[in-house]
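Let's take a walk through a protein structure together. Have the view open and follow along as we go.

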Amino acid sequence: MAKNKKSTGCSAVEQQYRDLMRRCKANLEHADRELPPARENFKETLAARGLSRRDFLKWTSLTTTALLLPPMFRPMVAKAAENFSRLPVVWLHFAECTGCSEALLRASYPNVDSILLETISLEYHETLMVCAGHQAEQCLEKAMHDFAGKFICVIEGALPTGLNGRYLTLGPKAKTGLEMAREVTAKAAATICIGSCSSFGNVQAAKPNPTDALGISDALGIKTVNIAGCPPNPANFVGTLLHFLLFGALPPLDALGRPLWAYGKRIHDFCERRPHYDAGEYVEEWGDEAAKKGWCLYKVGCKGPYTFANCSKVRYNDGISWPVMAGHGCIGCTEPAFWDSMAPLEKPVAEKTVLGEHTLDKIALGLVGVTAAGIAAHAIASAVKGQKPDYSDKK
Amino acid sequence: MSQRIVVDPVTRIEGHLRIEVEVDSNNVIKDAWSSMTMWRGIEVILKGRDPRDAGLITQRFCGVCTYVHYEASIMACEDAFGIKPPTNARIIRNLIHGAQYVYDHIMHFYHLHGLDWVDIVSALSADPEKAVAIARKYCDEPYNCSATHYAAVQKRLKKFVDSGRLGPFANAYWGNPSYKLPPEANLVITSHYLDALEVSKTGAQMMAIFGGKNPHPQSLVVGGVTCVMDMLEAERIGQYLYRLKDLQRFVETAYIPDVLLAASYYKDEGLAHVGAGVKNYLTYGGFWLDDDGKNMLFPRGVVKGGDLSRVIPLDENKITEEVAHSWYTGSDALHPYEGKTEPSYTGLDKNNNLKGEEKYSWSKAPRYDGMPCEVGPLARMIVGYASGDPAIKKLVDGTLQAAGLPATALFSTLGRTAARAIETKLVADQIEGWVMELVQNIKAGDTRTWTRCDVPESGQGRGMTEAPRGALGHWIRIKNKVIENYQAVVPSTWNGSPRDRAGQRGPYEEALVGTKIANLDQPLEILRTIHSFDPCMACAVHIIDPRSDKVRAFKVL
């Protein structure tokens, strides 16, 4: 980018997208050769579920733009969706509540996302797999062997590091979570942390953190993509995997490892109650007249102004609601240490000293600085481990 | 010769659990130990925090039984603050909780437990026409029932099997002699396994309408609920009711008939009381039908030793927790208000097995009047039945009659599974009435959703409710406006508890004793009984041979 001359600012962007497209095509060809064959024909599955070609096209357009890609990538997104069930996934559970797995099972419908998640190739997932014990362990070993360097390791849950990791033991050999995480992530093509526990430690890591629980990246010293949220929106997980299928790389991330396309904006910026904030119209206490009118929840503790996530755009459960719509306000669950930094949850942060003396807007500005410039970021960053395709721009 | 078999992790549950059992030379389980292998320390984390934050924090105990800890914690605070939520808030909580019951039980039966009864691979050899006939025996218009549909399900399964990559179905116990259903019955229930994925999404949406999202809804506060806009919008009520109808239809035409279908082939196990366990049943009561909690959908009480003729009224002071065999310090039986949570991990023995004589679990051992008690759907149906609750009695009798079983067949693994289906119908059929009660109350001019309150300088309170998995209690002590002590006694602690000071086994442990295992390489019967409790912690199962000390390696199928 820097090499481009000033006068060609526009074509620099075009060039960037052309490079990106080249990468994408190279990766899709590579994936076609390397990934195991699909178990189900995606088009047939869509048809069987009553989704037309038109529905699918609509979905690919929406997804392409959601991933901050230009329209020319739409056919590639469609191809990546067809490959979705070919990508082997090993899903590990550590210190967590299984809410993230539940959230994925509840992905909205009738919607392509939910079909993708149903056809996902889960080689190991303790909540869903039928076999147990030794047979389960064999499944894990087989996946690590057969798909070494190719599978995606998804981790739900934090790692307790106290007691030398023995606050959590797993499997016939009673390995610690730490040992298991090290072994599996070492063989994975990439590690995706689903939820705030694996991303940042979450509730078990709240003060005084009695088990010394840490997020995966901190516990193992590896790079991870963090799909933060308690639980996160299933769409953010699907989009991140699609990005991997498109480019063989995980998407551009913010300083906290969160994909920019989903976590680049504050809840506050797209909140349906934002006009009331701007007009100074606040709910003063639960159930008051202002609450009945849907005014801003800032004074009853909404942490939307400090929280980066797309909840206000995507919502939950087929878009039926989200916490602010239900009149509660955001608790900041996509941010690290939110149980401590956002507490007490029913009071504005400004009344607390955790984030210093800053006014709301100053804090917000400071945070925005971290994650700005999402749109241009695509060609810059990608968290890749063990990537095989050649992405260099051969001239 | 007896053997030690290791099964770890136990899958299709929430959390991390380890069970070890000893089998004799006839493959009958002689002894068992249940161990929870993870500690997260959330009760410690709560100390010093604003009590109003406890609900959202404790909700993170579990994302499968989402909502219930939120409610129990808020109820404990309301008790400590000395306030009650307004009528509308009480009803909305029931609507969220009701949705949770229905979709959670459906998900448990089909996705977590069903494949302990149903052999998916056998379904491939079923005759779709005959499957239609079998399904119609238990329901006039079974859910999604046609020969074409069943054939399509077979085709989808076959592709899976042919691909050689079975994903979650790989390496399981297909073909085990303990599977007793004919191929056609396996096909019918398997087809509903797939349908249930969609249906539980619908239930989750019901929760989200008034809860903001699922899992982990976010619309309860101490004193009431926040979703006043949703409550005042007729369209929201309609969205909720519309989805309720879908769920009810699934319960009526899939869940109940499938349980009856399975029961007809596993009848002998019910009659032989396989997996009965401690036969003491405890409920705290749940779903307040009035603002004082005097009238509840599930009655509270204790049934001792399987005696259906007598219900002992619940005395909360008799609830204690012991840690003699748990990885915590202390030796007393303490009421939860006095409860301590100070970890003291002593690990496994040199062979990587539980030290059954010493401490061996992160779970404490809750006891009622010194007795281990089972909690959950079976306990609710038994306490309700023994209390003579007309709705529960009618449903239980009717269902058992349809299955050709006596009431005592409830004391079994099969009975536990049937009780869950029965109460799903009971709850699903109540919900519409609650919606109408809400509408009526709003029409009468009451739009209150919150009772004004503030954190007291000091105080204590408890919230007792019935989670889908069983009796759930939170106990809170407040000092200087912050949490001084917090203890939660959760259903899986009751059911999955280790031994107590007196050496009495917990309900999982007791339920496993006496069960015969058809194939020691495949712990199917153990999973069936453990899953029937709907466990909510991650676990592992061991079968121990005290003499040979041999760890039996599992073979790949």
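Which residue in strand 7 of chain A does A:Ile152 stand opposite? The answer is A:Ala190. Keep in mind that this is a predicted model.

Strand 3 of chain A, residues 152-156, pairs with strand 7 of chain A, residues 190-194, in the parallel sense, and the pairing runs over 5 bridges. Now zoom out: these strands belong to an open sheet of 5 strands in chain A, with parallel pairing and the order 2-1-3-7-9. Strand 2 (121-125) and strand 9 (225-227) of chain A are at the edges; each has a single partner strand, so one side of each has no neighbour in the sheet. Going from one strand to the next, the twist averages 25°.

Next, look for helix 7 of chain A, residues 133-146. This helix lies across strand 1 (88-93) and strand 2 of chain A, and runs at about 130° to strand 2 of chain A.

Now for the second largest pocket, which has a volume of about 650 Å³. It is lined by 24 residues, and the closest to its centre are A:Ala48, A:Arg49, B:His149, B:Arg156 and B:Asp195. Several helices each supply at least two residues of this lining: helix 2 (42-48) of chain A, together with helix 7 (147-163), helix 8 (183-211) and helix 10 (234-271) of chain B.

Here is the lining of that pocket, sorted by class:

| Class | Lining of the second largest pocket |
|---|---|
| Nonpolar | 8 residues |
| Polar | 5 residues |

Notes
Residues numbered from 1 in each chain as written. Chains lettered and ligands numbered in written order. Predicted model: local features only at pLDDT ≥ 70, side-chain atom pairs only at ≥ 80, totals over all residues. Heavy atoms only, no water. Pairing = 2+ DSSP bridges. Helix = DSSP H or I, 4+ residues; strand = E, 2+ residues; numbered from the N terminus. Axes fitted to C-alpha atoms, helices over the stretch in contact; angles between N-to-C directions. Contact = heavy atoms within 4.5 Å. 1 Å grid on protein atoms, 1.4 Å probe; cavity = no way out; pocket = protein on both sides within 12 Å on 5 of 7 lines; lining within 4 Å. Points joined across faces, edges and corners; volume = space filled by probe spheres on them. Nonpolar A, V, L, I, M, F, W, Y, C, P; charged D, E, K, R; others polar.
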